[in-house]
Amino acid sequence: MAAQTQRAVLAGGCFWGMQDLIRRLPGVTATRVGYTGGDVPNATYRNHGTHAEAIEILFDPEKTDFRTVLELFFQIHDPSTENRQGNDIGLSYRSAIYYVDDEQKRIAEDTIADVDASGLWPGKVVTEVEPVGPFWEAEPEHQDYLERYPDGYTCHFPRPGWRLPARSDA
């Protein structure tokens, strides 16, 4: 019998690039972009208050795990810049992990400690670790954006050869 699908909610700048790269990870079964972590109910692109642009990820735990999802997350965005990714500046573009349970929180904190110890980024991680709250799905024109517009804007890139060592290996 297959395990239940698990959920992860991450924010790391513009949600278009995050979705485009994370959906390719083996074991990811679905993604959608939206707004979370803020103060406006029924958030929209034009009215999302203090919410971050985020991605909701569903994955098969028999094919991948939360740590692997986070390793890709930390590879494709700069977690050492506060409220910014590339040319996108502001609270909407902060780095955050919205955990769904205590185990995800523990894994997130452990992974952040590994990122800090690795020296792979120019500064310490500023990624917020907060409990998941309401997730407001973004408008249809934002879903799967880079599949529809392959040359569209992104500030997320895989870094060839990037591998996050565990602290004991760092």
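Glu56 is buried, with a relative accessible area of 10%; here buried means under 20% relative accessible area, exposed means over 50%, and partly exposed covers what lies in between (1.4 Å probe, protein chains only). The model is a predicted one, in which local features need pLDDT of at least 70 and side-chain atom pairs count only at pLDDT 80 or more, while totals for chains, interfaces and linings use all residues. Residues are numbered from 1 along each chain as its sequence is written, and side-chain values use heavy atoms, with hydrogens and water left out.

Side chains of opposite charge can pair when their charged atoms come close. With Arg7, Glu56 forms a salt bridge in which the closest N and O atoms are 2.7 Å apart. Because Glu56 belongs to strand E3 (residues 52-59) and Arg7 to strand E1, this pair ties together parts that are 49 residues apart in sequence. Helices (H or I, at least four residues) and strands (E, at least two) are DSSP runs, numbered from the N terminus. Arg7 itself counts as partly exposed, at 25% relative accessibility.

Glu56 also meets the side chain of Arg32 in a salt bridge (2.4 Å, N to O). Arg32 lies in strand E2 and Glu56 in strand E3, so parts that are 24 residues apart in sequence are tied together by this pair. Like Arg7, which is partly exposed, Arg32 counts as partly exposed, at 26% relative accessibility.

The strands that carry these residues are also paired with one another, where pairing requires that DSSP finds at least two bridges between two strands. E1 and E3 run antiparallel and pair over five bridges, with Ile55 in E3 as the bridge partner of Leu10. E2 and E3 are likewise antiparallel, joined by eight bridges; here Thr31 stands opposite Ile57 of E3. Seven of the eight residues of E3 are buried, so this strand is largely enclosed by the rest of the structure.

Elsewhere, a salt bridge joins the side chains of Arg23 and Asp144 (2.7 Å, N to O). This pair links distant parts of the chain, 121 residues apart: Arg23 sits in the loop between H1 and strand E2 (28-36), and Asp144 in the loop between strand E8 (136-137) and helix H4 (145-148). Arg23 counts as buried at 18% relative accessibility, whereas Asp144, at 28%, counts as partly exposed. A network of salt bridges links Arg67, Glu71, Asp110, Asp114 and Arg167. In total, the count comes to 13 salt bridges.

Turning to the annotations, an unreviewed UniProt entry places the feature "active site" at Cys14. UniProt positions are given in the numbering used here, feature names are shortened, and annotations may be inferred rather than shown by experiment. In the model, Cys14 is found in the loop between strand E1 (6-12) and helix H1 (15-22), and at 6% relative accessibility Cys14 counts as buried. Leaving aside residues up to four places away in sequence, Cys14 touches Glu53, Asp88, Tyr93 and His156, a contact being heavy atoms within 4.5 Å. The UniProt annotation "domain: Peptide methionine sulphoxide reductase MsrA", also from an unreviewed entry, covers residues 8-155. Over residues 8-155 the chain is 27% helix and 25% strand, with the end C-alpha atoms 21 Å apart.

Technical notes
A salt bridge is a side-chain nitrogen of Lys or Arg within 4 Å of a carboxyl oxygen of Asp or Glu.
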